[in-house]
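Subject: Handing over a structure, with notes

Dear colleague,

Please find below the sequence and the structure that I am handing over to you. My notes come after them and can be read alongside.

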Amino acid sequence: MDSIHCCSSVSAINSRSFDSSNSKSLTLNLRNGFASISNPKVGSSRVPMGTFGNAQPKIVTGDAGYVLEDVPHLADYIPDLPTYHNPLQDNPAYSVVKQYFVNDDDSVAQKIVVHKSSPRGTHFRRAGPRQKVYFESDEVHACIVTCGGLCPGLNTVIREIVCGLNYMYGVNRVLGIAGGYRGFYSRNTTTLTPKVVNDIHKRGGTILGTSRGGHDTSKIVDSIQDRGINQVYIIGGDGTQKGASVIFEEIQRRGLKVAVAGIPKTIDNDIPVIDKSFGFDTAVEEAQRAINAAHVESESIENGIGVVKLMGRYSGFIAMHATLASRDVDCCLIPESPFYLEGPGGLFEYIEKRLKENGHMVIVMAEGAGQELLSESMRYADRQDASGNKLLQDVGLWISQKIRDHFSTSKRMGITLKYIDPTYMIRAVPSNASDNVYCTLLAQSAVHGAMAGYTGFTVGPVNGRHSYIPFYRIIERQNKVVITDRMWARLLSSTNQPSFLSPKDIIEDKKEEAPQSQLLNGESGRDDEAFEKVISNAC
């Protein structure tokens with residue numbers, strides 16, 4: 001008996017899956033919310049996609065280990081949806097663009113560095129406009145909401161969603177939901193037009209306001225339904241995307257024709273799969289000012305030490321990239337790389353050595369670094385903010401005082417230490433030119449996806465190509481610096497700092513990293529696991 005592991009797609013996608021029962025292939029034709037399964041032994045059958053379960057991933061497999069982790073579509077659970085002529089075909093601004101529309105079979109590979117014997121691996125649906133859309137322009141009633149902490153580029157994303165809907169698709173009804181998720185059911189909205197959002201990209205923050213928490217799925221979907229909203233654009237980090245995933249599932253359960261699109265926002269760059277999150281480049285650039293100030297302060301006095309604390313609750317990407325960009329940093333401390341203070345090879349020993357060599361020193365640390373060393377950390381272990389993030393102590397103040405105490409007690413040398421915390425200054429600035437371009441691409445890709453009927457997805461670049469990624473891949477883990485990777489080695493060679501790792505730590509870290517590098521070792525990794533999952537269901 002042959003079965004398919006919850007695979008669907010709106011356009012006709014033909015994929016070849018291995019049939020373990022007879023070593024032949026079965027063909028899967030996916031169209032208009034039905035899976036047509038044909039096999040030389042059993043013929044073909046047509047199954048409504050709802051029978052596969054709403055919460056299961058959409059996996060399509062092909063030759064040579066090809067796996068497409070597809071995103072949901074409105075036609076998966078609403079049969080016989082009409083399609084419409086894409087108005088971009090008549091738009092003079094796009095008529096000169098050759099092959100502007102994305103082919104339905106286009107996909108983007110998650111891994112591009114492979115061996116000749118490696119399977120093709122996991123792919124995601126390529127983002128971009130389709131020739132057919134599932135919404136008429138006059139029918140669309142969209143809304144935009146921003147949630148979580150501030151980040152450079154929020155206003156640019158809002159602006160480009162509004163302008164993209166209006167200029168490309170002729171959509172005139174766009175609501176801004178004020179104050180995060182709770183704005184849905186507290187009836188706080190503002191009408192957004194291209195004129196209203198024209199200059200907002202020049203400002204930091206978000207014109208819609210934001211908040212943490214406030215997620216009540218039933219109330220939110222009730223509000224969406226009552227207002228007649230049929231496109232929801234949700235801008236936020238991993239916690240926000242988790243909320244977006246639950247909203248999508250409830251909308252799907254109710255059978256509503258509502259597309260839910262996520263735009264990933266995290267200044268820490270800790271969202272997996274995508275190349276980077278918007279606002280990250282701006283944060284790294286702004287961090288240079290604080291590092292430069294610390295460097296000026298430290299080199300202007302004998303045995304001067306400048307300590308700069310940057311954002312990075314669980315991931316040290318900002319600290320790492322800001323250090324590499326600066327060249328004035330002597331030591332970078334991040335959550336992923338444990339360190340210790342006293343004893344041979346410890347931080348205090350390195351500081352003393354550096355001061356004797358150069359007469360000054362700059363230390364950059366992420367806010368999540370060294371939390372396990374804080375004497376009061378256990379008191380905060382179970383405390384969280386409204387978004388579910390662990391409340392951290394100010395490790396910058398703590399380590400600054402520890403350094404002062406150490407050199408005061410040892411009396412080996414006198415030091416002058418300056419501590420700089422630019423966190424909220426960095427979060428509040430407008431996005432730079434690079435992030436503005438990136439925000440435009442994210443917003444327009446989200447608009448194209450929603451108009452094409454895709455839903456339950458997050459948009460982002462994968463190896464430089466914008467893709468539609470299922471929510472579950474975005475929220476399954478956090479992106480972290482791999483300290484056994486070359487980028488961290490580049491930083492160590494730039495600062496000439498010790499790794500602060502024992503051989504045991506290195507071995508343990510390599511063990512943890514092994515599953516992510518299996519593909520490069522000729523093994524299958526996650527991609528083959530997904531493929532085997534499909535095969536096991538095709539008996």
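This is a predicted model: local features need pLDDT of at least 70, side-chain atom pairs count only at pLDDT 80 or more; totals for chains, interfaces and linings use all residues.

Residues are numbered from 1 along each chain as its sequence is written, and side-chain values use heavy atoms, with hydrogens and water left out.

The protein as a whole

The protein has 13 helices and 21 strands, where helices (H or I, at least four residues) and strands (E, at least two) are DSSP runs numbered from the N terminus. Of its 539 residues, 54% are buried, a word that stands for under 20% relative accessible area, with exposed meaning over 50% and partly exposed in between (1.4 Å probe, protein chains only). The accessible surface comes to about 22,900 Å², and 48% of it belongs to carbon and sulfur atoms; these areas come from the Shrake-Rupley method with a 1.4 Å probe, and for residues only the protein chains shown count as cover. Among contacts (heavy atoms within 4.5 Å) between residues at least 6 apart in sequence, 75% join residues at least 24 apart.

A parallel sheet and its surroundings

An open sheet is formed by 4 strands in the order β17-β18-β16-β19, with parallel pairing; two strands pair if DSSP finds at least two bridges between them. Its edge strands, each pairing on one side only, are β17 (331–333) and β19 (416–420). From one strand to the next the twist averages 15°, with axes taken as lines fitted to C-alpha atoms (for helices over the stretch in contact) and angles running from 0 to 180 degrees between N-to-C directions. Helix α4 (residues 280–299) packs on this sheet, where it touches β16, β18 and β19, and its direction makes about 150° with that of β18. Strands β16 (residues 304–310) and β18 (residues 360–366) pair in the parallel sense over 7 bridges, and Lys309 has Met365 in β18 as its bridge partner.

Met311 is found in the loop between β16 and α5 (317–326) and is buried, with a relative accessible area of 3%. Leaving out residues up to four places away in sequence, Met311 touches Ile267, Asp268, Ile318, Ala366, Glu367, Thr423, Ile426 and Arg427. Computed along the chain is not the whole story here: Met311 and Gly368 are 57 residues apart in sequence, and 8.0 Å apart in space from C-alpha to C-alpha.Helix α5 has 8 of its 10 residues buried, so it is largely enclosed by the rest of the structure. Among the elements that cover these buried residues are α4, β16, β17, β18 and α11 (486–495). After α5 comes Arg327, with a positive phi near 70°.

Ser337 lies in the loop between β17 and α6 (347–358), and this residue is buried, with a relative accessible area of 6%. Apart from neighbours within four places in sequence, Ser337 is in contact with Ile483, Trp488 and Ser499.

A hairpin

Strand β5 (residues 58–61) is covered on both faces, with Lys58 and Val60 buried on one side and Ile59 and Thr61 buried on the other. It pairs with strand β6 (residues 66–70) in the antiparallel sense over 4 bridges, and Val60 stands opposite Leu68 in β6. The hairpin of β5 and β6 has 4 residues between the strands, and in it Ala64 takes a positive phi near 60°.

Aromatic rings

The structure holds 4 aromatic pairs; rings of Phe, Tyr and Trp (its six-membered ring) pair if their centres lie within 6.5 Å, and planes under 30 degrees apart count as stacked, over 60 as edge-to-face and the rest as tilted. One of the pairs is that of Tyr454 and Tyr468, which is tilted, with 5.8 Å from centre to centre and 40° between the planes. Tyr454 is in the loop between α9 (433–451) and β20 (457–462), while Tyr468 is in strand β21 (residues 465–470), 14 residues apart, and both are buried. The rings of Phe457 and Tyr468 have centres 4.7 Å apart and planes at 55°, so this pair is tilted as well. Tyr454, Phe457 and Tyr468 form one aromatic cluster.

Lys257 lies over the face of Phe135, at 4.8 Å from the ring centre, and the charged end of Lys276 sits over the ring of Tyr438, 5.7 Å from its centre.

With best wishes

Note on methods. A charge sits over a ring if NZ of Lys or CZ of Arg is within 6 Å of the ring centre and within 35 degrees of the ring normal.
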